Amino acid sequence: MLVHLAAFSHARTFASPFRLPHALDTPSDWSQIRHHVHSPFPNWLLDCSFLVLSRYFNIRVLCFFYLAIFTLLTLLQPPPIVFQHFNPILISKTRYINMSDTVLSPPAKPGIRRLSSISTTFEDLALGPSVVVPPEHMSKPSDAHETAAAMEMAKHRLRKRDNRAGDVTPPTPVDTLVTDQYAFAFDIDGVLVRGGKPIPQAVEALKVLNGQNEYGVKVPYIFVTNGGGKTEQERCLDLSRQLELEVSAGQFICGHTPMREMAEKYKTVLVVGGEGEKCRAVAEGYGFKDVVTPGDIIKDNKHTTPFRKLTADETEHSRLRNFGESEIDAIFVFADSRDWAGDQQIILDLLMSKNGRLGTRSETFDEGPPIYFSHNDVVWSASHPLTRMGMGALRVSLEALYKSLTGKELVSTAFGKPQIGTFQFATRLLQQWRKDTHGIDAPPRTVYFVGDTPESDIRGTNEFNASSVCENQWYSILVRTGVFEEGTKPAFAPNATVDNVLEAVKFGIQREVDKGLKSKVQQLSQQQEAIMEE
Ligand SMILES: [Mg+2]
């Protein structure tokens with residue numbers, strides 16, 4: 001019985017396309033068109049009636065009868081709606097349809113519905129025509145090109161007129177209000193930013209330097225930070241966002257910026273600190289040719305640091321190599337370590353090795369590679385109300401461990417503040433910045449350095465000012481918004497102490513105004529004396 005029923009269904013299915021053109025003879029054509037042909041009776045009714053009648057009549061006769069009835073009904077039904085939704089796919093099929101066949105002929109129009117570009121939905125586009133009509137006002141002829149051409153012509157005439165005027169009277173340079181007498185240099189953490197957020201007075205302070213002050217004078221400035229772990233460009237973008245003004249890489253010094261000058265000296269270097277692979281990228285950007293990280297060393301030998309396992313991300317990005325065959329020429333601590341225990345283990349292994357080869361141990365402990373730190377701040381000002389340990393603390397810890405293990409003093413080098421070289425670098429940068437942006441090709445007479453850390457900012461400024469290499473005056477101003485603790489005496493005394501960076505800026509500008517007035521009074525008194533003598 002079931003076999004008979006299946007045979008019947010098969011025959012019924014094939015009865016429907018009797019009237020379809022022979023041009024559509026592929027399986028996909030049949031399946032698409034069959035979908036649109038509707039039987040006058042539901043399938044379940046035909047199947048049930050066939051089962052009942054098959055108990056009383058011969059099966060073959062019954063099949064033939066049903067087939068004939070179904071074919072007749074199909075021939076009598078209304079024309080199938082093949083083009084109800086004029087799918088672009090089916091449009092291409094119609095090229096093969098016999099157009100003399102009235103049943104499958106497409107509508108009189110080619111079937112392209114015009115849709116509004118405003119009201120069209122996804123379904124319209126997916127199932128309907130491929131033509132979308134723009135709104136009426138956009139279809140009208142426009143004179144926009146004429147307006148644009150007229151504006152360009154007007155601009156051209158204005159430029160020509162300005163140039164002609166310039167031949168007679170030179171234009172007043174924009175930077176005539178920029179002072180060439182003094183400049184500012186700022187530390188960042190604890191002065192302008194704390195815990196990633198701007199200190200409230202910072203934005204206002206920089207506005208004052210940019211000309212929004214009672215004297216209408218612009219004052220050049222640069223940033224000198226011991227922070228790092230990112231490229232100078234990335235730090236500038238961060239600072240620009242935090243301070244709501246554009247900061248250029250040309251006015252920015254990181255703690256590790258001077259390390260770029262050592263890229264030619266060392267071939268294979270270990271770079272420590274920072275997040276992920278950022279410090280490797282910074283070092284490679286400086287020109288270091290072969291940069292390895294603690295992650296590379298742990299990936300080569302996971303027993304190097306028994307309590308530190310690489311994360312999946314670190315494993316993916318760390319580079320595999322055989323450190324038994326490589327020698328590391330120098331160690332650079334670019335940024336704060338994220339894993340003191342692991343990093344110290346690897347650094348000490350290298351410091352005590354023979355010629356920087358891991359797995360070896362020097363007998364004299366003077367064959368290891370040199371180590372450099374991008375700065376020496378023991379503490380720094382973060383989001384926490386109390387100061388946090390910085391890179392200088394790691395240096396102190398390493399020196400103590402090295403002495404404990406070898407009995408010798410560790411010789412290391414630190415860049416950044418308070419190193420005099422950093423202030424020399426800052427002097428050159430400031431001169432270049434003034435030249436590039438304001439056309440002033442000379443060092444400022446006075447530089448006000450605003451910082452929050454007596455041990456680096458104030459000490460460095462004072463010592464540089466007192467050194468023989470300093471050709472101008474560097475004036476230290478300590479602010480109370482960072483490391484400095486009220487009620488304590490700073491280890492290195494500043495020239496001035498103020499509450500915040502805005503007060504520091506106002507103090508410096510007022511001091512210069514007072515100096516200018518004083519010198520004018522002196523000039524006048526000298527002139528008067530000269531007149532009296534005559
Ligand atoms: Mg600071």
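**Close-up views of a predicted model**

View 1. Where pLDDT is low, the predicted coordinates should not be read in detail.

**View 2. Confidence across the protein, and residues 14–38.** The mean pLDDT of the protein is 79. Of its residues, 71% reach 70 or more. Over residues 14–38, however, the pLDDT is below 50. The model gives this stretch 34 contacts beyond near neighbours in sequence.

**View 3. An open sheet of five strands.** The strand order is β9-β8-β10-β11-β14, and the pairing is parallel. At the edges lie β9 (290–292) and β14 (412–414), each pairing on one side only. From one strand to the next, the twist averages 25 degrees. Strands of a sheet pair through backbone hydrogen bonds.

**View 4. Where β8 meets β9.** Strand β8 covers residues 268–272. Three bridges join β8 to β9, and the two run parallel. Look for Thr268: its bridge partner in β9 is Asp290.

**View 5. Helix α14 across the sheet strands.** Helix α14 spans residues 340–351. It lies across β8, β10 (330–333) and β11 (371–373). Relative to β8, helix α14 runs at about 150 degrees.

**View 6. Helix α18 and what covers it.** Helix α18 (501–533) has 33 residues. From first C-alpha to last it reaches 48 Å, close to the 48 Å expected at 1.5 Å a residue. Its buried residues are Val501, Leu502, Ala504, Val505, Gly508 and Ile509. Their cover includes strands β3 (182–186), β15 (446–451), β16 (473–479) and β17 (496–498), along with helix α9 (202–209).

Technical notes. Residues numbered from 1 in each chain as written. Predicted model: local features only at pLDDT ≥ 70, side-chain atom pairs only at ≥ 80, totals over all residues. Helix = DSSP H or I, 4+ residues; strand = E, 2+ residues; numbered from the N terminus. Expected span 1.5 Å × (residues − 1). Buried ≥ 20, exposed ≤ 12 C-beta atoms within 10 Å, placed from the backbone. Contact = placed C-beta atoms within 7 Å. pLDDT = per-residue confidence, 0-100. Pairing = 2+ DSSP bridges. Axes fitted to C-alpha atoms, helices over the stretch in contact; angles between N-to-C directions.
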